[in-house]
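Me: I've got a structure open on my screen and I'd like to talk it through with you. Can we go feature by feature?

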Amino acid sequence: MYGCLGWRCGLEEDNAVIVPLSSENEWEFLTALSTAWAWMQKRPRIYRTSGAAMSLVEYLAEGQKATSKYLALTDERGMIGLVMVRMVGEGMFDVHVIAQPSGLPRHVLTEHLTAIRDALFADGAAWIVTQVGTYRGHVHRGIQWVVEACGMMPTGVETSDGETVWREYAIGKDYGQSI
């Protein structure tokens, strides 16, 4: 599992690099997850499904689970985003992105998420899912754009926490199939 995600990957159009994180490299791992947790605390309703409601200790413990993999998106400034990949079922992975509050350019994020998507499928994933939030009737258009640019489509599954409605999106190994 996650064999293809053990690489460092840079795309020619930008200088951002995907760096797989491992709890074995404790300092890098804890620093990256702590940084992402701090970003989530600045926008907790956006990151509810990514761990914003957890304490830092709970979030770090969640990151140590064998079913979770974290990938840092870095550039010359340092970490600009964190991608969390979690196995939620046989061949099914849930992917979430936590970006620094100043924003991560959509094209950079889309290119890296496409590379991660392709690596997961090459490693045997059948499905990749995520959620896009609508807060009080306002869709998070930036993440919806990225999710759709990566080929994901709504599944029809929605959940709500009262203020935010979360719409599930998915893509199958054979693009275009529905879940």
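Me: Let's start with helices H1 and H2. At what angle do they pack, and how far apart are their axes?
Reply: Keep in mind that this is a predicted model. Two packed helices are described by the angle between their axes and the distance between the axes. For H1 (residues 26-42) and H2 (residues 56-63), the angle is about 130° and the axes are 10 Å apart.

Me: Which word describes H1 relative to H2, going by that angle?
Reply: Roughly antiparallel would need an angle over 145, and roughly perpendicular runs from 65 to 115. The packing angle here is about 130°, so H1 counts as oblique to H2.

Me: Which residues make that contact, and how do they divide by class?
Reply: H1 passes H2 in a right-handed crossing. From H1 you get Phe-29, Leu-30, Leu-33, Ser-34, Ala-36, Trp-37 and Met-40, and from H2 Leu-56, Tyr-59, Leu-60 and Gly-63. Ser-34 and Gly-63 belong to this contact, and Gly counts as polar in this scheme. The division is 9 nonpolar, 2 polar and no charged.

Me: How many aromatic pairs turn up in the whole structure, and what is the geometry of Phe-29 with Tyr-70?
Reply: A search of the whole structure gives 2 aromatic pairs. In the pair of Phe-29 and Tyr-70, the ring centres are 6.2 Å apart and the planes sit at 85°. Planes over 60 degrees apart count as edge-to-face, so this pair is edge-to-face.

Me: Where in the chain do those two residues sit, and are they buried or exposed?
Reply: Phe-29 is in helix H1 and Tyr-70 is in strand S3 (residues 68-75), so the pair links parts of the chain 41 residues apart. As for accessibility, Phe-29 and Tyr-70 are both buried.

Me: What about Tyr-59 and Tyr-70: what kind of pair do their rings make?
Reply: Tyr-59 is in helix H2 and Tyr-70 in strand S3, 11 residues apart. Both of these tyrosines are buried. Their ring centres are 6.3 Å apart with the planes at 75°, so the pair is edge-to-face.

Me: Which residues form one aromatic cluster?
Reply: Tyr-70 pairs with Phe-29, and Tyr-70 also pairs with Tyr-59. Put together, the cluster is Phe-29, Tyr-59 and Tyr-70.

Me: Over to H3 and H4. How do their axes cross, and in which hand?
Reply: The axes of H3 (residues 106-122) and H4 (residues 141-149) come within 9 Å. They cross at roughly 40°, and the crossing of H3 past H4 is right-handed.

Me: What is the make-up of that contact by class?
Reply: On the H3 side are Arg-106, Leu-109, Thr-110 and Leu-113, and they meet Gly-142, Trp-145, Val-146 and Ala-149 of H4. Arg counts as charged, and Arg-106 is part of this contact. The tally is 5 nonpolar, 2 polar and 1 charged.

Me: Is Ala-99 buried or exposed, and what does it touch?
Reply: Ala-99 is found in strand S5 (residues 92-99). Its relative accessible area is 12%, and the cut-off for buried is under 20%, so Ala-99 is buried. Leaving aside neighbours within four places in sequence, its contacts are Trp-39, Arg-43, Tyr-47, Ile-80, Gly-81 and Leu-104.

Me: Lys-69 is a lysine, so is it buried or exposed?
Reply: Lys-69 has its place in strand S3. Its C-alpha is 9.6 Å from that of Ser-23, 46 residues apart along the chain. With a relative accessible area of 17%, Lys-69 is buried.

Me: How far is Gly-172 from Met-92 in space?
Reply: Gly-172 is in strand S9 (residues 164-172), and it is buried with a relative accessible area of 0%. In sequence, Gly-172 and Met-92 are 80 residues apart. In space, C-alpha to C-alpha, the separation is 9.2 Å.

Me: What is the phi of Arg-136?
Reply: Arg-136 lies in the loop between strand S6 (127-135) and strand S7 (138-139). At 56% relative accessibility, Arg-136 counts as exposed. Although Arg-136 is not a glycine, its phi is positive, at about 50°.

Note on methods
Residues numbered from 1 in each chain as written. Predicted model: local features only at pLDDT ≥ 70, side-chain atom pairs only at ≥ 80, totals over all residues. Heavy atoms only, no water. Axes fitted to C-alpha atoms, helices over the stretch in contact; angles between N-to-C directions. Helix = DSSP H or I, 4+ residues; strand = E, 2+ residues; numbered from the N terminus. Parallel < 35°, antiparallel > 145°, perpendicular 65-115°, else oblique. Left-handed = near helix turned anticlockwise from the far one by under 90°. Contact = heavy atoms within 4.5 Å. Buried < 20%, exposed > 50% of the residue type's maximum accessible area, 1.4 Å probe, protein only. Phe/Tyr/Trp six-rings, centres within 6.5 Å; stacked < 30°, edge-to-face > 60°.
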